[in-house]
Amino acid sequence: MPHTLLLAEPRGFCAGVVRAIDVLDSVLDREPPPVYAFHEIVHNRHVVDGFRARGAIFVDDVTEVPEGSRIVFSAHGVSPAVVDEAKRRRLRIIDATCPLVTRVHLETRKAVNDGYDVLLVGHRGHDETAGTLGQAPDRMRIVEDADEVARIDPIERPVFVVTQTTLSMDDTASAIDGIREIYPDAEVRNDICYATTNRQLAVRTIAERVDLLLVVGSANSSNSVRLREVAEAAGVTAYRIDGIDEIDPAWYEGVDIVGLTAGASVPDELLDPIIEDLKARGVTSIEPIVVAEETVEFRLPDELEV
């Protein structure tokens, strides 16, 4: 059974997630339920269920929200069309979009205004990608990998490239290389955020030593899924789990060293039972693996600073 646990640092909540959770938490403290949120505030089942228990209602269409109600936009950002519809319905908006996602939106709109067509490297159907695509839907195309770049119709205007903030660094680099082969003069903004980068670097470092890696994070969390993929690409057996209940003890058979990390929307409290269980199974050494120290903080929206 395992004797050593390597804990990735940094792991868990990033500054954008902290801000979004603080926004919804503050609104629920100040206002009687129901309070509506457009999409899950962050992609973590436990966090979302906790807010539901306090009266938050998560919707995927603002037309589901009664006119005049309070609505919070999630950390992943929204398209201008969503904002316009919310205003038409006289919804009282508080925007919890991660500032790093907002930066991508601003880059996109400026590029289009400057005469570019935009390629968005990202995953179709993800909330963040939908919000970014909505910034200029007539002048943007999504590509998921280098192979897809070669299949899109030729672009006549200058090309500007933005990326989803939670992608695999390696996959994104490959897609960007593919774009540059066809559009060598493309203006590229690699927007993978600091938190995604740091968590992937920590997994790469841990992968050099562990026999098994556990990634805590929900299935719809892009950055959590990427962490498992990064570990597997490094040749390590890895599982993504929502919490301790999804662990199969058979995974530990023949394993000496276990690695543990968590996606950027995961509270540390979900890791505590896993750590205690590993201690009970014989782990005597717990070693933090630190690749970066994160000091980023984002202020709350003006409406909540009063």
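## Valine 72 and its surroundings

In this predicted model, valine 72 touches Val23, Leu24, Val27, Val35, Tyr36, Ala37, Phe38, Ile41, Ile94 and Ala96, leaving aside residues up to four places away in sequence, where contact means heavy atoms within 4.5 Å. Valine 72 also stands opposite isoleucine 94 in strand 5.

Residues are numbered from 1 along each chain as its sequence is written. Because the model is predicted, local features need pLDDT of at least 70 and side-chain atom pairs count only at pLDDT 80 or more, while totals for chains, interfaces and linings use all residues, and side-chain values use heavy atoms, without hydrogens and water.

## The parallel sheet

Four strands form an open sheet in the order 3-2-4-5, with parallel pairing; strands are DSSP runs of E with at least two residues, helices are runs of H or I with at least four, and both are numbered from the N terminus. Two strands pair if DSSP finds at least two bridges between them, and strand 4 (residues 70–73) is joined to strand 5 in the parallel sense over four bridges. Strand 3 and strand 5 (92–95) are the edge strands, each pairing on one side only.

## Nonpolar cores

The largest nonpolar core has 28 residues, and those with the most contacts inside it are Leu24, Ile41, Val42, Phe51, Phe58 and Val72. Such a core is a set of buried Ala, Val, Leu, Ile, Met, Phe, Trp, Tyr and Cys residues joined through side-chain atoms within 4.5 Å, and buried means under 20% relative accessible area, exposed over 50%, and partly exposed in between, with a 1.4 Å probe and protein chains only.

Two or more residues of this core come from each of helix 1 (15–30), strand 2 (35–38), helix 2 (45–53), strand 3 (56–59) and helix 4, and helix 1 gives the most, with seven residues. Apart from this core lies another of 20 residues, among them Trp251, Tyr252, Leu271 and Ile274.

## Aromatic pairs

Rings of Phe, Tyr and Trp (its six-membered ring) pair if their centres lie within 6.5 Å, planes under 30 degrees apart counting as stacked, over 60 as edge-to-face and the rest as tilted; by this rule there are three aromatic pairs. The rings of tyrosine 116 and phenylalanine 160 have centres 5.5 Å apart and planes at 70°, so this pair is edge-to-face. Phenylalanine 160 is buried, with a relative accessible area of 6%.

Tyrosine 239 and tryptophan 251 form a stacked pair, 3.7 Å centre to centre with 5° between the planes. Tyrosine 239 is partly exposed at 27% relative accessibility, whereas tryptophan 251 is buried at 18%.
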